[in-house]
Amino acid sequence: MSSKYSILVAFCLPILQLSLSSDLYSDKVLNYDSQTFKQRIGGSNPHFVNFFAPWCGYCKRLKPVWDELAEKYNAVSSNEGLVIAKVDCTVETPTCADEGVSGYPSLIYYEAGQKKGTKYQGKRDLVGLEDFISNYLGEKKRDATSGSIKTKLENGALELTDDSFQNTVNWGLHFVKFYAPWCGHCQKMAHAWEELAENLQHDKSVTISKVDCTENKKTCAEFEVKGYPTLLWIVNGKKVEKYQGTRDLDGFKRFITDMKAAHKETLEHEEGRIPDPKDEPNLVVELSNDNFENAIAQGITFVKFFVPWCGHCKRLQPVWNDLAIKYASNPKIKIAKVDCTQEEKLCGDHKIAGYPTLYIYRESRFLAEYHGDRKLENLHSFVLEYVQHTEL
């Protein structure tokens, strides 16, 4: 009997491994560890795999889209059907390194029978992802009225609805026209908007869209549309600027050029990018679960809890190094850091909920969390205050 039970457990274990959830995406997205990844990729099923980190902002914005893809494809996936999967690169680091993952999320498509994948470079919205999938699967593009996606392409511009709007504009740069069919100004501008969409239909950096406010009142209300046409520049799902220029092709194109320049960092910077390693002064003490308690046991220790791809952490890094240099001659003061991507348990034990978090300790006792300006003089004064108190 125990032998049969062992066989049953051995049979079920791979299934359990495939269905394990992460903290980010839904259970419908199959979760692969290094073992199941090797077993499944290159088999009879094509795979679309999301290599992610749970704290990556772009990964979080992709969540509703990736979950919807999984709900559609994994629910009906047969022995040869497409599988929507995920790999947590904070856990399966060697697998992600083997696949050449250099930033999060990295979306890689693997054809059936192929171990080498193709990296998806398009927009991370339902339309772009499903077009990519359709091209690989040899499917015809879905009709706008079928399935859960109600987005259609009309003269180069995306026609968005209450159902498709948020998932479409959730990531990237978008120029959106909010209009009403009966509006005279909208009718006069319609040709110029179509020209703009056709001109930029191959430009992957920006999406030209439109929303009929008579049919999609929820979206128009959320974006505070009070007149027609209203033209909004949207970045990563948030309204950034309202267009006030001439309603012609040249005016629109000049505006887009200016906005791209203004948001160059958004185009180039990825919150989840794995940074190139840079040498840091050894004066900043690197702490881990193994040496943390011993390190804070004597004197004053000012600790930075961080993750490498956090923008605020990156900006603090040179200042933190300078702070360590400032106290280098004082053996009673340590300026330290903890990488929470490597020391998850340690950061969890200290209830770290955001990055960077700056805690100061004296002889193993927690004293305070720093909340002030992250300038060298402010940080220096903060530490000095506790040093003087200790000496008194």
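## A buried glutamate and its partner

At 7% relative accessibility, Glu130 is buried. This comes from a predicted model. The side chain of Glu130 forms a salt bridge with that of Lys72, at 3.5 Å from N to O. Glu130 belongs to helix 5 (residues 126–137) and Lys72 to helix 3 (residues 57–73), so the bridge joins parts 58 residues apart in sequence. Lys72 is partly exposed, with a relative accessible area of 29%.

## Two further salt bridges

The whole structure holds seven salt bridges. One of them pairs the side chains of Lys210 and Glu159 at 3.8 Å, N to O. This pair links distant parts of the chain: Lys210 sits in strand 10 and Glu159 in strand 8, 51 residues apart. Lys210 is buried, at 6% relative accessible area. Glu159 is buried too, at 11%.

Lys239 and Glu224 also meet through their side chains in a salt bridge, at 3.5 Å from N to O. Lys239 lies in strand 12 (residues 238–242), and Glu224 lies in the loop between helix 8 (217–222) and strand 11, so the bridge ties together parts 15 residues apart in sequence. Lys239 is partly exposed, with a relative accessible area of 40%. Glu224 counts as exposed, at 54% relative accessibility.

## A buried aspartate without a bridge

Asp88 is part of strand 3 (residues 83–88). Asp88 is buried but has no salt bridge. Its nearest side chain of opposite charge is Lys86, 8.5 Å away.

Helix 7 has 16 residues (residues 184–199). At 1.5 Å a residue, helix 7 should span 22 Å, and its end C-alpha atoms are 24 Å apart, which agrees. Helix 7 also bends, by about 40° at Ala190.

Several residues of helix 7 are buried: Cys186, Met189, Ala192, Trp193, Leu196 and Ala197. What do the buried residues of helix 7 pack against? Their partners are strand 8 (157–160), strand 9 (173–179), strand 10 (206–212), strand 11 (230–235) and helix 9 (249–262).

Methods. Residues are numbered from 1 along each chain as its sequence is written. This is a predicted model: local features need pLDDT of at least 70, side-chain atom pairs count only at pLDDT 80 or more; totals for chains, interfaces and linings use all residues. Side-chain values use heavy atoms; hydrogens and water are left out. Helices (H or I, at least four residues) and strands (E, at least two) are DSSP runs, numbered from the N terminus. Buried means under 20% relative accessible area, exposed over 50%, partly exposed in between (1.4 Å probe, protein chains only). Lys and Arg count as positive and Asp and Glu as negative; His and the chain ends are not counted. A salt bridge is a side-chain nitrogen of Lys or Arg within 4 Å of a carboxyl oxygen of Asp or Glu. The expected span of a helix is 1.5 Å times one less than its number of residues. The bend at a residue is the angle between axes fitted to the seven residues ending there and the seven starting there. Contact means heavy atoms within 4.5 Å.
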